[in-house]
Amino acid sequence: MAKSSEVLRLDKVSKIYGMGEEKVVALDKVDVLICRNEYTSIMGPSGSGKTTLLDVLSTMSRPTLGNVFIEGVNTTKMTNSQLASFRGNTIGFVFQTFHLLPRLTALENVMTPMWINGVPRIEREARAKSLLEKVGLKERMGHKPGELSGGQKQRVAIARALAMNPPLIVADEPTGNLDTKSGEIVMDIIRKLHKDEKRTIVLVTHDKNIGKQAQKHIYIKDGKVESDRKVCSIM
């Protein structure tokens, strides 16, 4: 049966902080549509709402108004525990500050999402090794984050994001803490994930050169974006 290639949809989403006259509208009736296999960048000036938009579309923050659909599921109707489980299987995160567990090795960090989701040890270890090899860290699997460079940490984070083979990868300023060379290596991996593996990627960046590499661009200003379409194609 044919199905929509829609992965993510925000429907009239608003995020409002504060009360009374002190209200701050961080997102204002935003519509966003991400289709399967797309590479999308979110760009905008400082304070425009980029981070808030990313937090809401990745279900890390609930919208004040509107609905967030991922793989056709309305996530705003879920309980916190349901949402945490759904997020863990549906979204892979790559953070600017890596968020690796310092006492675990690179291999153990990549295995962690699979352990949380009940993947058998033999399977999760084999998959973690394969993912670390993919990002060029075959020789660094047994090293802890404190023994890795910033670029290597981010590559571990990318491998971890892929651990549950999620339909959506979300990257928040993935080169923000890296030197130019390390940033180029990380971005090359992200481009290959889209081009070679047809991954659906949403990336937030303040760097226009990085943002322009994406297939689709979302520009946000004062909490508003312009919707470019209403539907995805049918697969």
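User: How are helices and strands defined here, and how many of each does the protein chain have?

Analyst: Helices (H or I, at least four residues) and strands (E, at least two) are DSSP runs, numbered from the N terminus. In the protein chain these come to seven helices and ten strands. This is a predicted model: local features need pLDDT of at least 70, side-chain atom pairs count only at pLDDT 80 or more, and totals for chains, interfaces and linings use all residues. Residues are numbered from 1 along each chain as its sequence is written, and side-chain values use heavy atoms, with hydrogens and water left out.

User: Which residues have the most contacts inside the largest nonpolar core?

Analyst: A nonpolar core is a set of buried Ala, Val, Leu, Ile, Met, Phe, Trp, Tyr and Cys residues joined through side-chain atoms within 4.5 Å. The largest one has 37 residues, and Leu132, Val156, Ile158 and Ile190 have the most contacts inside it. Among the elements that each supply at least two residues of this core are α5 (150–161) and α6 (180–195). A second, separate core of 27 residues includes Val30, Val68, Phe86 and Val225.

User: What is Ile190 in contact with, beyond its neighbours within four places in sequence?

Analyst: Contact means heavy atoms within 4.5 Å. Leaving those neighbours aside, Ile190 touches Tyr39, Ile158, Pro174, Ile201 and Leu203.

User: How much of the contact count comes from residues 24 or more positions apart?

Analyst: Such pairs account for 70% of the contacts in the protein chain with a separation of 6 or more.

Conventions
Buried means under 20% relative accessible area, exposed over 50%, partly exposed in between (1.4 Å probe, protein chains only).
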